[in-house]
Amino acid sequence: MAEFFYEGKRVYYEIHGDSGEPLVILNGIMMSTASWKSFIPNFSRNNIVILVDFLDQGQSERMTESYDHSLQVGVLETLIDLLPYEKVSVMGISYGGEIAIQYAVKRPERIRRLILANTACRTSDWLRKIGDGWNAVAKTGIGEAYYLTTIPVIYSTGFYEREKAWMDRREGTLIPYFSRPDVLESLIRLTDSSRDYDYTDRVGEISLPTLIISCSEDGLVPPTEQIMLHERIKGSHYVTINGSGHASMYEDPASFCALVLGFTNLLDDPITI
């Protein structure tokens, strides 16, 4: 557990493991370092894993004014610059993947491998409207309404029905959390920071070894968005987790871990057959 300051704001991060390739993991909008607690034993067994809360997330400081993605790209750049590694692998899911894309364009020399899960190179008009809906509900201050509007659609219907007891526990945890005014204000800012995100014309500048993880039942960032990434990032690898929705790490944790760790720990020399 550690912290640093970016533009006068405190940023919280954690490092787990003491050997292996360093791997920086970036959260989705509603996530925090705590979201990865169950994954730490697997992620850190043979790797050094760095978790970080973006500003307005988890244990990092709350903002008061609006911002765009450049703020969080700056947070990531500062974090990686203070780490004692020449290069790191970066895995970003959803919002975290968008920040990873922009950092990869800006500082490719610091990344060894890039993993983009359930993410896109733009905020489509359709997704922008969904975000507007989330924020309209957040402004009511009703945590239950925010939960019901945002969380069910993140998961596939199959998972939701199979894991109803888990979802019920999730509801019991998240509704009180979403009922906090400071949390809702942060979620509004985080969502608004993606409104004008569009790296469609720049993502092709990435030439790093890249793995794109898509999910067949992703109702927020559908496979067409990951296919767009795959087509623009030359030499990228594209994998689909069948039957999973947007929260792929929770819906199929074994496949998620296998993909992230397998790609991170590949040797840099090409495999010849």
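How do the residues of the lining of the largest pocket divide into nonpolar, polar and charged? Keep that in mind as you open the structure, which is a predicted model.

**Stop 1: the largest pocket**

Select Gly28, Ile29, Met30, Met31 and Ile154. These residues lie nearest the centre of the largest pocket. Its lining has 47 residues, and its volume is about 1,000 Å³. Next, colour α3, α4 (125-138), α7 (164-178), α8 and α10 (248-251). Each of these elements gives two or more residues to the lining. Now for the opening question: the lining divides into 23 nonpolar, 15 polar and 9 charged residues.

**Stop 2: helix α3**

Select residues 95-106, helix α3.

Is α3 mostly covered or mostly open? It is mostly covered, with 11 of its 12 residues buried. Among the buried ones are Tyr95, Glu98, Ile101, Tyr103 and Val105.

Show the surroundings. The buried residues of α3 pack against the strands β3 (21-26), β5 (88-93) and β6 (111-117). They also pack against the helices α2 (69-82), α8 (181-192) and α9 (223-232).

**Stop 3: the second largest pocket**

Select Arg113, Pro209, His237 and Phe263, then Leu266, Leu267, Asp268, Asp269, Pro270 and Ile271. These residues line the second largest pocket. About 170 Å³ of space lies there. Colour the lining by residue type: 6 are nonpolar, 1 is polar and 3 are charged.

How values were computed: Residues are numbered from 1 along each chain as its sequence is written. This is a predicted model: local features need pLDDT of at least 70, side-chain atom pairs count only at pLDDT 80 or more; totals for chains, interfaces and linings use all residues. Side-chain values use heavy atoms; hydrogens and water are left out. Helices (H or I, at least four residues) and strands (E, at least two) are DSSP runs, numbered from the N terminus. The expected span of a helix is 1.5 Å times one less than its number of residues. Buried means under 20% relative accessible area, exposed over 50%, partly exposed in between (1.4 Å probe, protein chains only). Contact means heavy atoms within 4.5 Å. On a 1 Å grid over the protein atoms alone, a cavity is a set of points where a 1.4 Å probe fits but cannot get out, and a pocket is an open set with protein on both sides within 12 Å along at least five of seven lines; lining residues have an atom within 4 Å of a point. Grid points are joined across faces, edges and corners, and a volume is the space filled by probe spheres set on the points. Ala, Val, Leu, Ile, Met, Phe, Trp, Tyr, Cys and Pro count as nonpolar, Asp, Glu, Lys and Arg as charged, and the others, Gly among them, as polar.
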